[in-house]
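Okay, everyone, thanks for making time.

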Amino acid sequence: MSEIDDLTDAVLTASRLLVAVSARSLAAVEETLTLPQLRMLVLLDSRGPMKLTALADLLEVNPSTAKRMIDRLIASGMVEREPNPVTKREVVVVASVEGRRVVHDVTVRRRAEISAIVARMPEHTRQGLVEALTAFAEAGGEPRWSARDEAPERARHHAEVD
């Protein structure tokens, strides 16, 4: 087996754990929200207002699927439609105060559980984890975020709205 295969297997195994952590955290906070809907909320919270097509592209779903998700999230009070702050001619989707609260609460729970898991790891194995996971997230296009930050990075905010 190649190094790529070994790393892929390790990441797949870790991703199963992380999905389970996310599902437990979501269920504890908001039992009517699905993981894909949470992912949409996280994107809106971290990147700011977005057009439907940009959101669908990031989620890798058809615009019609994204629209149905948005409609459900609007009905639940988690997102809102607003005029594009840049052009004023089109509509963008934004996380509502309630949607941002849910993202925050789920993230706090996830962070606590992940922290407990990391603390159980042998110290010598933790050393390369930050570098490896940071590189992995960057390769996948995920913006950096830290609980030490006031809010997730919004570096691409304006690029997505334009």
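Ser22 sits in helix 1, which covers residues 3–29. Keep in mind that we're looking at a predicted model. So is Ser22 buried or exposed? With a relative accessibility of 12%, Ser22 counts as buried, because the cut-off for buried is under 20%. If you skip its neighbours within four places in sequence, Ser22 is in contact with Leu35 and Arg110.

Now let's zoom out for a moment. The chain has eight helices and two strands. Starting from the N terminus, the order of elements is α-α-α-α-β-β-α-α-α-α. There are 162 residues in the chain, and 28% of them are buried. Take the contacts in the chain with a separation of 6 or more: 55% of those are between residues 24 or more positions apart.

Next up, helix 2. Leu43 is a residue of helix 2. What does Leu43 touch, if we don't count residues up to four places away in sequence? The answer is Gly48, Met50, Leu55, Leu58 and Leu59. Here's another pair to find on the screen: Leu43 and Glu142. They're 99 residues apart in sequence, yet from C-alpha to C-alpha they're 9.6 Å apart in space.

Let's stay with helix 2 and bring in helix 5. In general, two packed helices are described by the angle between their axes and the distance between the axes. For helix 2 and helix 5, which runs over residues 97–120, the axes come within 9 Å and cross at roughly 105°. That angle makes helix 2 roughly perpendicular to helix 5. Which residues meet there? From helix 2 we have Leu38, Leu41, Val42 and Asp45, and from helix 5 we have Gly99, Arg100, Val103 and Val106. Sort the contact of helix 2 with helix 5 by class, and you get five nonpolar residues, one polar and two charged.

On to helix 4, residues 63–75. Helix 4 has 13 residues, and at 1.5 Å a residue it should span 18 Å. The C-alpha atoms at the ends of helix 4 are 18 Å apart, so that agrees.

Which residues of helix 4 are buried? Ala66, Met69, Ile70 and Leu73 are buried in helix 4. They cover an arc of only 100° around the axis, and therefore they lie on the same side of helix 4. And what covers those buried residues? The cover includes helix 2 (35–47), helix 3 (52–59), strand 1 (79–83) and strand 2 (91–95). Just after helix 4 comes Gly77, and Gly77 takes a positive phi of about 80°.

Last stop: strand 1, where you'll find Glu82. Glu82 has a relative accessibility of 33%, so Glu82 counts as partly exposed. Leave aside its neighbours within four places in sequence, and Glu82 is in contact with Glu90, Val91, Val92 and Val94. Now look at Val93 as well: Glu82 and Val93 are 11 residues apart along the chain, and their C-alpha atoms are separated by 6.3 Å.

Definitions and conventions:
Residues are numbered from 1 along each chain as its sequence is written. This is a predicted model: local features need pLDDT of at least 70, side-chain atom pairs count only at pLDDT 80 or more; totals for chains, interfaces and linings use all residues. Side-chain values use heavy atoms; hydrogens and water are left out. Helices (H or I, at least four residues) and strands (E, at least two) are DSSP runs, numbered from the N terminus. The expected span of a helix is 1.5 Å times one less than its number of residues. Buried means under 20% relative accessible area, exposed over 50%, partly exposed in between (1.4 Å probe, protein chains only). The arc is that of the directions from the helix axis to the C-beta atoms. Contact means heavy atoms within 4.5 Å. Axes are lines fitted to C-alpha atoms, for helices over the stretch in contact, and angles run from 0 to 180 degrees between N-to-C directions. Angles under 35 degrees count as roughly parallel, over 145 as roughly antiparallel, 65 to 115 as roughly perpendicular and the rest as oblique. Ala, Val, Leu, Ile, Met, Phe, Trp, Tyr, Cys and Pro count as nonpolar, Asp, Glu, Lys and Arg as charged, and the others, Gly among them, as polar.
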